Amino acid sequence: MKNKIKLVYAFALTFSLVACSELDQVDPNQVSESTFWQTESQLDQGVIAAYDVLQFDTMYGQNLHIIYSGLSDEGTNEHPFEFNALVRFTLSDTDAFGGPHWGSNYTMISRAYQVLENEPRFNKPAIAGQAEFLIALAYFNLVGYFGENVAYVDRVQNPGDRPSTAEDGQIYALIESMLLSAIDKLPLGWSENDYGRATKGAAQALLAKTYFQQQRFAEAEPLLKAVIDSGQYSLLANYADNFMETGTVNPEAVFLVNFIEDGPTNETDSNRRHQIFSVSEQGGAFGDIQCSNMIFNAFNREEDATGSKDSRMDQTIIYPGSELTYYGLSGQAWADEAPDQNLLTGFYKYSEQEHTANNVDPSSGLPTFMTILADGGTDYIVIRYADVLLMYAEALNAAGNTAQAVTYVDQVRARSERPALLDAYPGAADSQSAFRDQLEQERILELSGENWRFFDLKRYGKYNNAQQAEDANFGTFTDGQDEVAGIPQSELDTNANLRPNQAN
Amino acid sequence: MKYIIRFKSALLFLGLIVGLQSSAIAQNTITGTITDADGQPLAGATVVEQSTTNGVVADFDGNYSIVVGDSNAVLTFSFVGFVTQDIPVGARTTINVSLQADQNVLDEVVVIGYGKQKKSSLTGAVSIIDVGETEKSQYTNITDRLQGRAAGVTVVANGEPGSIGDIRIRGSAFFDDNNPLYVVDGVILSGAPTINPNDVENIQILKDASSAAIYGSRAGNGVIVITTKKGQKGKLRVSANVTTGFQQIAEKLDMTNAEGWARIVRAAFDSPNASGLQPAHAFNLPGIDTDWQSEVFRTATLQDFNANVSGGGDRFTVLFGVNHTYQDGTVPGPKFDRSGIRLNSSFEVIKDRLTVGQNVAFNRVRLSGGAEEDNAAAAGLAVPTAIDALPVIPVFDPTKISGYGHGDTNNLSFMVNPIGFAALYKNTTETHNILGNVYADFTIFDGLNYHFSLGIERGTSYNKLFNPRNQIRRTTLVGSALSVADSEDQTTYIEHRLTYEKTFGKHTFSLMGAFNDLEETSFGTSIAFDNSLNAFEAGLFEVSAATPQGTGIPTVGSSRSTVATHSLLSRFTYDFDDRYLLKASVRRDSYSVFLGENRDDVFPSLDIGWNVHNEAFFNVDAISQLKLRAAYGEVGNNDAGDNPYIGTTGISQGAGGPNYNLGPTGTAAAGATRDAALGNPDLTWARVSEYNFGVDLEMFNGKLAFEGNYYFGEVENLLADVPVPASAGIGFGSTIRLNAVTNERKGWETALTFRKLEGDFTYSISANAFATETSVKSVPAGFTGIVGSSITSVGSPRARLFVWDYQGLYTSEDIAALPAGFMVGEFEPIVGDAKYRDVNGDNIIDQNDRVAVGNTLPTVNFGLNFTAAYKNWDFTAFFSGLFGRDVLNGPIQGLHADIASNYPANYNPYINGVGTHPRPQTAGDHGNYAASTLYVEDGSFVKLRNLQIGYTVPWKDVDNLRLFISGQNLFTWTDFTSIEPEFEGGFFTAGEAELGYPVVRSIALGLNVSL
């Protein structure tokens, strides 16, 4: 009996030793928001994540090029699906472009605000400045596509947050405050290892562009002057080098999206622009976006005025008569393949020819894109110094300093061995409006295929149905509606504080 | 034994004293044997002299000896589960008693979770499973064996070896996790039990929220309470069961041959809007005509063996068992092999005061030949592949790299050769499971009992998948790969429980209070190599530092998660005179997955019952029981998805993460940001609150029993993936889990049993019928309820079909009468195209023309079991099925639509002016084979689940020797035109038929022996 009593005690003791489990559990499998943001290095990783959005397929990796060229008079296509609806302004609210564009830009905004909200503990203004620049760039792209009445987000969102529609002026004010702050915080330049980060000049140029879109040229002028006077930027000797995978620091790039040389690896996204913008659907390229004849016509005007072909023409478009080949075939050969024989041109700029020249499938005789599908390593220049010079000329002209403005246009023309502006177009500086009209032509010659035509049309007040004179697609542009794209229907469905815009 | 002797000595001593005091009082010693009807001794049966405290207990051989006052004494013989007999002593000194098994199961004791209750006192909806009948099934797990056995419980089992079917108690109330909680010997499990189903002694299913409420936050889908077999005091028993048989897929779907397929494909391309590549073989038949179903479907063996030895002494019981089950696949793919042992024992350490014991089962499960889960040829998909594979593709094709035929780009074939897949992909999973507990029961004083239990459920799994470099699908050249994954899941369960039971006068009450601690931990490690080198190709599957590790980057990983639940619970029952019944319970759960004030919650229940038959005024002889009961309870569902850390937002970083490039050549720079899957710290339990009203009726001394339940209630705080505005910065189309939806559920259940157990010919009929309807009551913004071809809209039963309204074929008159610009999708219809109703009248047939049709929830499910015995023969027929379910026949729709799959033999498309189905089409979509009412079919079916004939061999040397032949899923009666009408479907897509591993037919021979 005694033994049994001992046994009972032994059991009791054993059972009382069984420990209680712990209710407060911490995820051992991954770092969480509450355990991250402890070091300066992590803060910088936060801003890198915001830059990462620039590479998305829905951003500079692909869609932004489609959107801005398609919605301007530069780009067109004969595609049966959404691409065609885009260029004809007949996209629905649940379209393939609006939602991702909205989502990606707000992702960049969110990632940047995560940095801004954690930065004060480390006091790293250069990191905060980059985040502010990226927020401004995202809003700039949102306003470009959707207009000013987008969701007003000025902090990291909780899952329950339902931001309201911004009133006119609110987003521009936010962009302005972000960029003014960024200009104070950002350095003039970065070491070579950090090449690609936003600089003071980039913030100044983007703020100038923001002012331009609001016709506030006087406020833009000193910013542009500061960029020019900074000594950080210069025109490349060779225009074409801007659009090639050179693997060097480009002093003409004021801000660029950095794609990896001979990319991609697991660590990066590639730029698919060259596949989308290929002349037609061949060998793995999509041929989704072609050129309208507007660019071709502009170069012909230049040739008519000067008697010589603009060397930028072949670098910008492929057309019958180009001296360059496009994936090994002549412009005429491509024109023969064109789905619409009224449109014989395609974009040449940024087409990564250097990797694939003469890469023709021996059996079919057709060019093959197969070897470049995985590349797309050419950095995409968002703001180019030549653009800054032309903008400065526009600002000077707006202030009445047309004569001074001519010199900046000539800088750009001279690099491409064009005759001086007033030699080619003697009346170009006769009046403010004559110069502005000539400047539009100069911007087409220099900047076509670089996504700025869309903003230029809006700034000139030409973003309307009448533009069908240049691009037949504008024939289906509904004035008072298609100036902006509709707010994505799914956003309206999930956020009662958001109101539809004129295009919904 | 010693105590009995002492007791008897004491009696004798007392008797002597009494005898000395008054020799006038006669003294009789009565001896005898107490047995059951079969003559088996009933050890532990009691003998009491009426109106005295004089009593004894029968020994192991059923023998007793009692000294009674005189010949007027009356002895009462009783034993649990048997009818008590009163026998006057008279002049006899030897009284042998044969007790009859009690057919009236009113006094049956039912395990209800954290205790037991007399069946007559139950106030909720509890199904008591006839385990003997489930043992006639050939299913290899206990879950599947519940199919059709209880009102309100459905099981969709399939024939894939080792798979466990989908079980639903009162339908699907939740969007994701609708699996019930399992409790085995008091231990709360993390999933379905893997134990040998023949180890099960009894099963109770707690169906309504009130009965389940004692399990609180895990009981939202009901609770299955399983008790395993224990040893019995008395003689040693040995029993064994052997079954061997074979299985096959019951139905083939008749398909066209190569000629028939080619004729339809050619017609599809002979139309104005035909587009896409033409399958070359359709225009130039290769002279191959493979009947893929005959090649893939095969007869598979099935073997089951289990044996146990049990017995017990005065102070202990023990049961030891072994089992082995083997099931081959009816298609190339998984094979299931399970071996297990069990040891259940108990020891009465201190007589009438302390019992300790353990129940433990160990088993090893080997599953081999399965596929990688995300692979197109995963086991279940061998069946659809066999059906849709083109007859022009040969099984073996020496011109292919792998030697297996798989078609090519020119023939648009996307098939994965299932025979080649099974041959090339070596996939084995070996799992070791331990499930059991140790416990102690301590009687502190009469009526107050302390129970302690420490339970463990542990599974360690080792998976290895290897494939050589191969090509068994079109142009997809697959590099060799090896992956090894180890996982361990352990649940530790601790229970402390105090129960006080007391009867005084007509009042009986019990009060139970308990504390539970449940800790669930998972660990995993994995390693994978791609493009492994020759060592792996040669069959050397283990990895060491010396192993050439291939050209790919090896990926390694480890993970761990811990989830803890603390619970306090209490139950009070009160019974006045066995007439008025009351039960109240409350459970408070604290759950580590939920944060802050959402961590703790309380789940109550309250029931009342009225045993009308015990009222003085109730005087209907035929009715032995009439009980009315009403219950209300609240239970939760703690499912928050696979990630137990869902309350916190992770950081996304690392390879493939939010990284950027800096520097002129673009050097990778690491980034980090909040994960797109936002955590939600406000998550809490979904909660069911339900009323249950029931009636229990027993007539003719238990021959006829009826049980009925009606229930209704709400499911609140249902977890749903709710769209988050993209302005939150986690991308377009992201969702977050929120407690956002409220559902309503109502239904009814009836069960009827009739038994005739006297005479040479005995039989019983058990039938159940039931239906459940769930609908959505309120939803958050952005929640459409449209999933696939189904719609769940507020106020309607869930998962109605949402399809175009098919109105026949377009005739030339129809086409002429169409308004200009009328389009179906992107094309103008032509003669022979499918005609759909333009619901919104906009002359375009598109998404906006879909109509909600059909009732995808059965109007009635049923089970019907008939057993009969005549002398040594016994017979069982078991049916189950459902009626009134409308089903979208997606498998057939898919076969009609696709030129790159074979066509059903009865497909009769409109070709050259002849045909009843819409014109065949290419990928260019005229919408002819869209989801429409054309494919809505009556999904009702009845299956003969089991047919068994047994013969008990009359042999004196054994207690029982029975031979049987058994057939499972022998016949299906249905109008449904695909091969398997039985499928579970999701919450939102309950009526969309799928084509997976179908139910298989099996025929087996078996032997039961006990001695």
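Colleague: How many residues of domain 2 of chain A are in contact with domain 3 of chain A?

Modeller: This is a predicted model, in which local features need pLDDT of at least 70, side-chain atom pairs count only at pLDDT 80 or more, and totals for chains, interfaces and linings use all residues. Residues are numbered from 1 along each chain as its sequence is written, and chains are lettered from A and ligands numbered from 1 in the order in which they are written. On the side of domain 2 of chain A, 14 residues are in contact with 15 residues of domain 3 of chain A; contact requires C-beta atoms, placed from the backbone, to lie within 7 Å. Helix H17 (residues 432–447) of chain A supplies the largest share of the domain 2 side, 4 residues. Helices (H or I, at least four residues) and strands (E, at least two) are DSSP runs, numbered from the N terminus.

Colleague: What are the bounds of domain 2 and domain 3 of chain A?

Modeller: Domain 2 covers 200–242 + 386–464 and domain 3 covers 273–372; such bounds come from an automatic or database domain assignment.

Colleague: Which strand gives the largest share of the side of chain B that touches chain A?

Modeller: Between the chains, 57 residues of chain B are in contact with 70 residues of chain A. Strand E28 (residues 555–576) of chain B gives the largest share of the chain B side, 5 residues.

Colleague: Why does B:Ala799 count as buried?

Modeller: B:Ala799 has 28 C-beta neighbours inside 10 Å. A residue is buried if 20 or more other C-beta atoms lie within 10 Å of its own, exposed if 12 or fewer, and partly exposed in between, with C-beta atoms placed from the backbone. B:Ala799 therefore counts as buried. Its phi is positive, about 60°, although B:Ala799 is not a glycine. Most residues other than glycine have a negative phi.

Colleague: Why is B:Phe700 called partly exposed?

Modeller: B:Phe700 has 16 other C-beta atoms within 10 Å, and is therefore partly exposed. B:Phe700 lies in the loop between strand E36 (686–699) and strand E37 (704–723) of chain B, and its phi is near 50°, also a positive value.

Colleague: What makes E40(B) and E41(B) a pair?

Modeller: Two strands pair if DSSP finds at least two bridges between them. E40(B) and E41(B) share 2 bridges in the antiparallel sense, so they pair. B:Val787 stands opposite B:Ser790 in E41(B). The open sheet has the order E40-E41-E42-E47 (chain B), and strand E40 (786–787) and strand E47 (851–853) are its edge strands, each pairing on one side only.

Technical notes: Two residues are in contact if their C-beta atoms, placed from the backbone, lie within 7 Å.
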